[in-house]
Amino acid sequence: MAASQSERDLPSALCSEFLNFSAKDTASLWLVAADLQQEVYRHLAVYVPRILCQGPSGGSSNSSREEQREELACQLLLLAPLEWLLLGEEPASGLALLQEKNQPSPLCGHVFKVGEPTYSCRECAADPTCVLCMQCFLGSVHKEHRYRMTTSGGGGFCDCGDAEAWKKGPYCQKHTPTASNRDTEEDPVAQLPADMVARGYSIFSIILKYAVDMLTWEQEDQLPAGLEPPDRGDTYYCMLFNDEVHTYEQVIYTLQKAVNCSQKEAVSFATTVDRDGRKSVRYGDFQFCEQAKSVIVRNTSRQSKPLRVEVMHSSVVAHQCFALKALSWLGQVIQYSDGLRRILCQVGLQRGPEGENSSLVDQLMLNDSKMWKGARNIYHQLLMNSLLMDLKYKKIFAIQFAKNYRRLQTDFMEDDHERVVSVTSLSVQLFTVPTMARMLMVEENLMTTIIRTFVDHLRHRDLQGRFQFDRYTAQQAFKFGRVQSLIGDLKYVLISRPSEWTDQLRLKFLEGLEAFLELLKCMQGMDPVVRQVGQHIEMEPEWEAAFTLQMKLTHIISMIQEWCSTDERVLIEAYRKCLSALSHCHSSLPDGEQPISLSLAGHCVETFRYQVSQDKVSIHLPVCRLLAGLHVLLSRTEVASRFPEQLPLGELSPPLLIELPLRCLVLCAQVHAGMWRRNGFSLINQIYYYHNVKCRVEMFDKDIIMLQAGASMMDPNHFLMIVLSRFELFHIFSSADCRKRYREANKDVVQQQNTLIEEMLHLIIMVVCERYVSGVGQVEPFDEVRREIIHQLSIRPMAHSELVKALPENGNKETGLERVIDSVASFKKPGVTGRGLYELRPEWNKHFNLYFHHYSRADQSKAEEAQRKLRRQNGEDTALPPPVPPPLCPLFASLVNLLQCDVLLAVEGAVLQWAVEPSGGGWTESMLQRVLHLVGMALLEEHQQLENSSGDDDITFSYTSKITRPGEAPSTSGSVLALLESLQNAPHLEIHKDMITWILKMVANIKTMRERSSSISTVTISQGQGKEETVRDKDKAERKRKAEMARLRREKIMAQMSEMQKHFINENKELFQQSLEELEASTSAAAENSPPSMELSCVSQVCVGPRRVGGAERRQLVTCILCQEEQEVRGHGRAMVLAAFVQRSTVLSKNRRRNLPNPEHHDPLFMHPDLSLGIHTASCGHIMHATCWQRYFEAVQLKEQRRQQRLRGHTSYDVENGEFLCPLCECLSNTVIPLLPHTHTPDHSVDHPSLEVWLKTTSQQVAVLHSAHRKQIDGVAEGAGPAVPEGFRVDFIPQNPFSSSISEMITTFSMSTYKVGLKVNPNEQDQRVPVLIWSTCAYTIQSIERLLMDEEKPLFGSLPCRQDDCLSSLTRFSSACWTAAPVTTTHTHFIRLLSALVPDSQVENTPCILDIDMFHLLVYCVLSYSSVHSLDQSGRSVVDSAHLHLLHLVTVAHLVQILLTSTTEEVCMDQDSVGSEEEELTCQLHNTLRKHLNSVLPEVTSGWQLFRCIKVGILPFLRAAALFFHYLNSTAPPADLLVTGPGQWEALCSYLSLPSNLLQLYQSQHTLLEPLINRWCCHPGVRQMLQEGGVSVRYPRESNQLIELPEDYSVLINQASSFTCPRSGGDKSRAPTLCLVCGSMLCSQSYCCQTEVDGEDVGACTAHTFTCGAGLGLFLRVRESQVLFVAGKTKGCFYPPPYLDDYGETDQGLKRGNPLHLCVDRYRKIERLWRQHGVAEVIGHAQEANQTLVAIDWQHL
Ligand SMILES: [Zn+2]
Ligand SMILES: [Zn+2]
Ligand SMILES: [Zn+2]
Ligand SMILES: [Zn+2]
Ligand SMILES: [Zn+2]
Ligand SMILES: [Zn+2]
Ligand SMILES: [Zn+2]
């Protein structure tokens, strides 16, 4: 058998059993048994405890090995016999055969893992819960549609193949039914052989029953009959169960105490408990386990209920484990055959002997909340694989589910697990199938059941039976949270409207509606408020619960209305029911009291004695609002006009209908007017949500509709009088001398009343003007959405997501935006930053309504400003007249009469009158503006009527004639028109002038129309404009002139401002990043324009060697940014410093696996060519006096100390580590670089020694130094020392060329670099200090050279100023830093460095040349040489000669290095053509090397290729060297290197004083170099590396890039969903995070993957940054679609991801679900940021701008 190999792994006890066991024989024994169940149980009783009871497992290292053993034993000893029995043959072949014969149903049914991507089609899905798996989606038609992508929360399955789930394209390519597929009606069991069917039934029922019994088993010490183990020992488990009350930390702490385990084990236990729901934490005898239990219970019972722990007998646990395995086995077996699946379904749903609810599935469901998480998950999975995949049994199961609904929900409510692990979460699979939902509604009265269950669980009521949420306890709040899932179920049931109604459905729906009205009645009037006067309220009342409920129900209410709209009979009946519910509510209104009667403008009305400012008022009026909704439907479906007799319209009392909504609106107005200030924030929040897009559809909008409905049924004068009275403004407009009030009243009251008047006028505008609801006005839903969009875009251009947020979503999460948007707006694509924007097309501007009811006050003023500006720009007048509204529906037609009723005219007259004679604060422009708007609306209405009418007869509107009448009481002066005319030229009303002009013009037009209407048919407005043309032209010209003046002034100011900005940017942090970029662009441009006094004409510029041209003649004048004083940079002057940031870097690393060096013993003198860790220095280029900076830094430190005492927060910078922000640009810095003067031009009179001479002298000097050092150490004079070259004085102590302040700064920067580079404490005596400075100089130059190369920028002249300044000060500083270190240190370094080039027997441990980065070597040699040279007092040599020789030597070494590492595959090209001189020389050199290495190198015949290799390989070195010497010696670059293009090579070589044929270097000094090359090659390291193929670095080193990302984001999501946590055995990771540098996927933000770094636990990301990025990391959080930057342990920020949707927006958090695609430009931008070492700076700025980022525990990510 196949398993024979692994048998020795099995525990010995089982071995013998195992060898003798035959599954086949056991199966045949069972086959003939009389009682199969008994036989099987006997078998299980023996084997299950022996296999699955192996003592303490878990936590320890070998657990996965043990698991494998268990798994194997289970399969072979327990499951295999069952399979034999079922199939009657060898299982593997039997199952294969079954699968082959199977004709699968077309359902995909793929069950989603947590985090797996799911796709839904927004065009074809029946509802948003219908989803596809990635495979099916890619093979479906929907991938061409508008789709939505989300990540699964786990559970749920792919709906591919379910015809009901999709309006179109229900099948993917794979699941498309073919002709051979069986008919869905056919019984798949019939396909199976009869005997197998019989065996299937019996085996399935035995196993399923066994599993159900075991999982629902509640005794810890006993087993069901027949399962008792033959030999029962005293072995127990202490089992810990999961709950949602205790935190991870609590559990871990308790476990460490109770079972005495390590922290690590405790974490592992806690993780498993959290995942599986239970875990044994101790194994042993009863006493032992009981003891642990009591400790756990004692420790966790203090604050809350204790953790659940049970001591269970090992055999019980073993059987429960096997029960789970058995369920999984069943799930697997039925995958092979639909027939078997159906058999299992039958077995599962078969009623037991106990009748109702006795099937095995029922038992599972009803015990769901008692089971632990792991058990639930496994049986839910089985239900999904079986019942839900079989259409017939899905229905039967759904009925059982619905029958038990109330009990399941109650169990869930008592339970404390999340909903995803409750069986109730299966509702989404059942209720969203429309036919199923309908069936359950009709047969099981599902709608009513859900609503009643819901209402029953909200038990807190007040005296009137309304919900009471204030003084809600945490426990109740928790329960309230759970009960909300029922609303979700209700939504599933209602989500698709019926296309056909049956009488049964009508009956049950209306019954459900009745139940729903009961629910709404409990909400009507809940959480009432009373205005607080005098004192502020003591406690903010709870308001959120009520609004949560309202928000959750919003879609339900809308859906119920949609259902009603599809059937007239249902609508009529629903209207009746709703009305009677409302009258029930109204019965509590105090109508018994005496009404008050009002009279105004000749009209009288009676109304309630009620004042919002004194009596109770509530925002919650769902019954009224539902009625309003149904009323609109009556109008829309024209039911009202067709069956008026069936409607109880006569019962309606309009004043009663409007009463409550009006109170609510008045409440809002009074809150705005500041009358409710003492009621606190609770009320303000409520008002906010009342208008908010999430609630307004079923709150504010419906209140307006109700007022419209009421007003259309009332005398408009009466309506307005009631409105006036509710606003408590009646007396103002009714009293004869209405303005008297201002003299008496105090200022506050006047202001309040002004606001109230404004609000009231606004309300009237809305009541008349808001017609964009289908049913109120004659519009379609399309128009409604379009109008919303127009008004949003009138504020400013907006991104897609902003628009979506501003629009209400329907139950399908759709706003209708996409259908409309392109007709009104044009799309502007985003750049590298920002997002795509929609801009309103100009032709839609005329639809702008300033009093659009969904504008907040802020929106309104922004929109007004934007619109006026737009009109000015177009040279138009700035009047914002009302747009032409759509016509009203018949039911609402009489609304227009409000506009011309007497009361309104009186109000208009009064306001205009005040405007004519403004006094004190008794009048506001807003009031006037609203009145003008109302007048405009009335005129438009009249104009419309005139235009549309055929004769005078049907014109009911005569506003123009009414406003010409002189004012009636109370306003005694002139007509409205006269008042308007007198206002036209009022100087204090300049902004309203255009509007008044527009009105007067309209009046004139209408007059003309009326006059002509008898003779000529119609006159349009445009004709009327003619006569005013000349006046307007003049006006226009004047306006234009003014505009031009304004523009010039603006430009001047802008110029001044930008000038100021350049000097000082500190005001606006948000704009900071942007302005910094601009600044950078402008400064670099400036640098290009004026190359600092460089003699470009000089062709033969040389930057190194005795012939070089210096820059010392130039004086350097700089200004301190702090004190603004100018200062010259001099060696003995006051020190000037440059703010700088030093950081470790792995950007250039070619080997990320290399461990970080041990800080104590690391020898940095030779940089390995893999550049695995470097030190980078950057600067913002801002210069300060050292003293000014020190004062500043001390102040920062002091401030920080004080701040930390006050509040223990963090800052974006770490003062203790020397960090500070540049005082000018706030750039993160951690040190300063002192500025040093230029080097002197070499003395040309001195001879330049040849290489030979120089080498000889230097060797002598080195020898002298050697002996001197030895003398120092040993104290012994070794006889006669080596010959001392003339003038060389070993004991000469050079004079320090710098002032003390500069020296101090040199130490400061040296220490910073040392500290950061090695991560050690400062130590000035350490020999490595100068090396680290040289290192950062070399590394920074190298990384900048790479950037310039890859961005194809010229080597010189393209760097921004700040980098230029940084490099030059860094290089000059590096050349001087040796003065601060002990001289001998530098000598030793030089000697060792030189020995790499000129092998020296006295120096040990010199690396071979393959292990040295040549550029670093060059820089170190050159910089350390100065110290040796300073001893030469002969005056016969210049330091520059040495530089040149060193350059030549290193270049030759590099050539050899490249040749040794190049791999030239033999490509035969140009074999016959004679090679150039260069090629021949290259071949020669190569052959020399082969000779030295005894042919370890391959033979190469093509010199052409070798030479190409060399040329390409050495270029980066030459370029870096050119930069280095340029900055070191301040030599102007040659013109050819200021541009890109041909001739670079020659220019570079000549600039570096090298022959352009580099091989000549070697050729011309052949005899001198030959022995050196020989010795390089003879280094044992070289041969070893070449032979072992260990060459890891080849030249040129390729630049590092961030990893490739897929174009389609879902590919990433899919990748991440299959990623498992590397630590907790195959668990899904919750926050999979991708390292953008190396491509590792990490398990972030999770306990399981925390690691200790420097004695602190950090998350996977932070830990990774220390190995991959030397403390700095760039990640992509895949589930969140968010880029994460981390630096060190405390700093980090989020950054927009490089993925955009089609609307040019990112989707951080993956909330919107639009398909996302890679934006290459943005990704390159991130890459650039990384390569420029700018990430730390970005983090600094982000944290500075957003303090909440500082508080995040970045190290835990
Ligand atoms: Zn699928
Ligand atoms: Zn499919
Ligand atoms: Zn589709
Ligand atoms: Zn200063
Ligand atoms: Zn700065
Ligand atoms: Zn993990
Ligand atoms: Zn990495």
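Me: Is K209 buried, exposed or partly exposed?
Reply: K209 has 36% relative accessibility, so K209 counts as partly exposed. Keep in mind that this is a predicted model.

Me: Which side chain does K209 meet in a salt bridge?
Reply: That of D213, at 2.8 Å from N to O. Both residues sit in helix α7 (residues 194-215), four residues apart, about one turn of the helix.

Me: What about R341 and D338, buried or exposed?
Reply: R341 is buried, and so is D338. Their side chains form a salt bridge at 3.2 Å, N to O. The two lie three residues apart in helix α12 (residues 338-349).

Me: Which residue does R625 bridge to?
Reply: D703, with the closest N and O atoms 2.9 Å apart. This pair links distant parts of the chain, 78 residues apart: R625 is in helix α25 (residues 622-636) and D703 in helix α29 (residues 700-712). R625 is buried at 1% relative accessible area, and D703 is buried at 0%.

Me: How many salt bridges does the structure hold?
Reply: 60. There is also a network of them linking R122, E123, R146, R148, E814 and E818.

Me: Switching to metal. What coordinates the zinc ion (ligand 4)?
Reply: C1120 (SG), C1123 (SG), H1185 (ND1) and C1188 (SG), at 2.1 to 2.3 Å. The site is tetrahedral, with angles of 95 to 118° among the four donor atoms.

Me: Where do C1123 and H1185 lie?
Reply: C1123 is in the loop between β10 (1117-1119) and β11 (1126-1128), and H1185 is in strand β13 (residues 1174-1185), so the pair ties together parts 62 residues apart in sequence. C1123 is partly exposed at 32% relative accessibility, whereas H1185 is buried at 0%.

Notes: Residues numbered from 1 in each chain as written. Chains lettered and ligands numbered in written order. Predicted model: local features only at pLDDT ≥ 70, side-chain atom pairs only at ≥ 80, totals over all residues. Heavy atoms only, no water. Donors = N, O, S within 2.8 Å, 3.2 Å for Na, K, Ca; no water. Tetrahedral: all angles 85-135°; square planar, octahedral: opposite > 155°, others 65-115°. Buried < 20%, exposed > 50% of the residue type's maximum accessible area, 1.4 Å probe, protein only. Salt bridge = Lys/Arg side-chain N within 4 Å of Asp/Glu carboxyl O.
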